[in-house]
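This report covers core packing and charge pairing. Please have the model open as you read.

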Amino acid sequence: MARKADKSADGAPVGRRAVLGMLGAGAAALATAPYLQRGWEGALAKASQVDATGITGLLPSPGGFRYYSIVGSVPRKDETSYELRIDGLVDRPKTYSLAELRALPRTRVVHDVLCTDGWRVENTPFDGVKLADLLDAAGVRAEGKAIRFTCFDGAYSESLTLEQARRSDVMVALNMQDKPISHEHGGPVRLYVAPMYFYKSAKWLSGISVTDKVVPGYWEERGYAVDGWLDGEDRRGGQAA
């Protein structure tokens, strides 16, 4: 007598139609992945703006980054509305449009991004304009000793000493991971300070003022280190990759 097929032992046969269906679903997933990622990032951004608990800041985006804002709503800026003002103790204050920043000579740095919360995104490329070049163009006066950064979210601020700001791995960043910086990642323009914890890389950058002393920023007024160096960084070096 012929033995009845034991499907549980041999595995159920998979039909041609089912295989084609799985392949189609995989192709669709690959095709829609960028849209899903942008959708997830956008959803996190919107949720975080009404999240008083901060839980949304613990959720990773598909790129490994986590969205966090200290205000309820951040205005969106683009080519028609973005401006970066450089002033304070300088000889030539200037306001740059996004197009003017993009037309300047650029630098590129590939470095791990590390948050004080513990998450890390390895080997992340940033490119933009060296902060030192913008400061030289503005002409820093002799009494200038530090930089104060402000942001168009209306609340966040940061600081660096003038020596830190002149490192070659500190930039006004326009691209991250070889793409324009999105609003959710602090775009269209953010600060990037490669050798320090990511809270030093102010998002939604709108102002750079030269001051005669370090003015502690938003997180620094709440106990974070003014000099937020990553472990093992060369504090006197700063050569871009």
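## Exposure of a charged residue

Is Arg 85 buried, partly exposed or exposed? Arg 85 is partly exposed, at a relative accessible area of 35%. Here buried means under 20% relative accessible area, exposed means over 50%, and partly exposed lies in between (1.4 Å probe, protein chains only).

The model is predicted: local features need pLDDT of at least 70, side-chain atom pairs count only at pLDDT 80 or more, and totals for chains, interfaces and linings use all residues. Numbering runs from 1 along each chain as its sequence is written, and side-chain values use heavy atoms, leaving out hydrogens and water.

## Nonpolar cores

The largest nonpolar core holds 39 residues. Such a core is a set of buried Ala, Val, Leu, Ile, Met, Phe, Trp, Tyr and Cys residues joined through side-chain atoms within 4.5 Å. Leu 131, Leu 205 and Ile 208 touch the most other members. Several elements supply at least two residues each, among them β1 (83–88), α4 (131–138), β5 (146–151) and β10 (205–211). Helix α4 gives the largest share, four residues. Helices (H or I, at least four residues) and strands (E, at least two) are DSSP runs, numbered from the N terminus.

A second, separate core has 14 residues, including Val 113, Trp 119, Ala 173 and Ile 181.

## Salt bridges

Side chains of opposite charge can pair when their charged atoms come close. A search of the whole structure finds 12 salt bridges. The criterion is a side-chain nitrogen of Lys or Arg within 4 Å of a carboxyl oxygen of Asp or Glu.

Arg 85 pairs with Asp 87, with the closest N and O atoms 3.7 Å apart. Asp 87 is partly exposed, at 24% relative accessibility. Glu 79 and Arg 102 meet at 3.0 Å, N to O. This pair links distant parts of the chain, 23 residues apart. Glu 79 sits in the loop between α2 (16–48) and β1, and Arg 102 in helix α3. Arg 102 is partly exposed, at 35%.

Arg 120 and Asp 112 form another salt bridge, at 2.9 Å, N to O. Arg 120 is partly exposed at 43%, and Asp 112 is partly exposed at 22%. Glu 158, Lys 200 and Glu 220 are linked in a salt-bridge network.
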